[in-house]
Structure formats: structure tokens, C-alpha cells
Amino acid sequence: MKKQLLSAACLCFLMAACGNKTEETATSSETQTPAMAKADQEVMPVTSQAPAGSGKALFERSCAMCHRDMGMGTGLLARRVDVAKLEDRSDLNADYIIQAARIGIGNMPVITRGEVSDEELQAIADYLTSE
Ligand code: HEC
């Protein structure tokens, strides 16, 4: 009886030791992965949501650095159009915006499909022509 208890305790100790060991290796090898996995999870829904509803977010990601207040696009467009900020324009149509992005216009560089997919560009064009 006593012996049995002892071996049970031994077993417990062994299991605990084993458990600890795997836990240790797991945590040390996972110091990066949980964070990265979490980041993946956070990134995934954003990319799959983007074409549906967030033309504005996509514009902010890919166009705003040039097409908001201090941007080069705004600066250069101010020379030839009355309303320089794309978001304030009411005379743009989606095809024109898409062509400008894919072919490049004047000093604006071509926006590739790697940077902005067709769906994303459509969402941006919809956003810019929606107001
Ligand atoms: C690197 C800076 C830069 C980025 C990024 C950029 N643009 Fe431009 N864009 C410009 C510049 C500069 C012009 C003015 C071209 C010219 O007339 O010389 C311009 C012009 C345009 C025009 C033409 C407007 C008109 O009245 O003719 C459209 C449309 C446009 N951009 C859309 C976009 C969209 C949509 C995006 C994001 C997908 C984008 N641009 C990203 C710099 C940029």
C-alpha cells in the first residue's frame, strides 16, 4: 500500500517533470509564434474585409500619403485642378481613377496589383466617387 502510494507519487513527479519540460520547450520556442499567430489572425480579416467595405481604409493605406494635405499628389494636382484633394473631388469617375492608378498619370507612379489588388482599387474608386 505504502509502496503503491510512493510509486504513484513518483509517477506524478515524473509526469510533472515531463510536463514542465515540454512546457518549457514550448514556451521558449513559442516566444515569437503566439504573437505572430495573433498578428496573422488580426491581418487576415482585414484583407478579406477590405474589398467589401473599407475603400477609405485602403485609400489611407495606399494613396493618402500623396493625396492628403501635405502629399505630393495634392501639391501637383493643385497646379492644374481646382480641388486638389481626391477625397474632396466630385468630378472623378471610377474608371478614370483606376486608369490613373494602373497606367500612372503625370508624376504619379503606377500602382501595381501587388500593391493594390483590382478589388481593392475598385473599393478605393468607389469610395472616392461616393461623395
Ligand atoms: C507616390 C505618390 C502617389 C501615390 C501613392 C498615389 N498617387 Fe495619385 N497622383 C500622384 C501625383 C503626383 C498625381 C498628379 C499627377 C500629375 O498630374 O502630374 C496624382 C494624380 C492622381 C489622379 C489624377 C487626378 C486628376 O484629376 O487627373 C488620380 C485619379 C489619382 N492620383 C489616384 C490615386 C489613387 C487612387 C491612389 C492610391 C491607389 C494614388 N493616386 C496614389 C501621386 C500619388
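This is a predicted model: local features need pLDDT of at least 70, side-chain atom pairs count only at pLDDT 80 or more; totals for chains, interfaces and linings use all residues.
The shell around the ligand comprises 24 residues, of which Cys 63, Cys 66, Gly 73, Gly 106 and Met 108 come nearest. Two or more residues of this shell are contributed by each of helix H4 (64–67), helix H5 (72–77) and helix H6 (94–103). In terms of residue class, 19 members of the shell are nonpolar and five are polar, while charged residues are absent.

Helix H3 spans residues 55–62, and Gly 55, Leu 58 and Phe 59 are buried within this element. These residues lie on the same side of H3, because they cover an arc of only 105 degrees around the axis. The axis of H3 comes within 8 Å of that of helix H7 (residues 118–129), and the two cross at roughly 105 degrees. The helices H3 and H7 are therefore roughly perpendicular to each other. On the H3 side, the contact involves Gly 55, Lys 56, Leu 58 and Phe 59, which meet Glu 120, Ala 123, Ile 124, Asp 126, Tyr 127 and Leu 128 of H7. Six nonpolar residues, one polar residue and three charged residues make up this contact of H3 with H7.

Ala 100 is located in helix H6. Apart from neighbours within four places in sequence, Ala 100 is in contact with Ile 105 and Met 108. A distance of 7.8 Å separates the C-alpha atoms of Ala 100 and Val 110, which are 10 residues apart along the chain.

Key
Residues are numbered from 1 along each chain as its sequence is written. A residue is buried if 20 or more other C-beta atoms lie within 10 Å of its own, exposed if 12 or fewer, and partly exposed in between; C-beta atoms are placed from the backbone. Helices (H or I, at least four residues) and strands (E, at least two) are DSSP runs, numbered from the N terminus. The arc is that of the directions from the helix axis to the C-beta atoms. A residue is near a molecule or strand if its C-beta atom, placed from the backbone, lies within 6 Å of it. Ala, Val, Leu, Ile, Met, Phe, Trp, Tyr, Cys and Pro count as nonpolar, Asp, Glu, Lys and Arg as charged, and the others, Gly among them, as polar. Axes are lines fitted to C-alpha atoms, for helices over the stretch in contact, and angles run from 0 to 180 degrees between N-to-C directions. Angles under 35 degrees count as roughly parallel, over 145 as roughly antiparallel, 65 to 115 as roughly perpendicular and the rest as oblique. Two residues are in contact if their C-beta atoms, placed from the backbone, lie within 7 Å.
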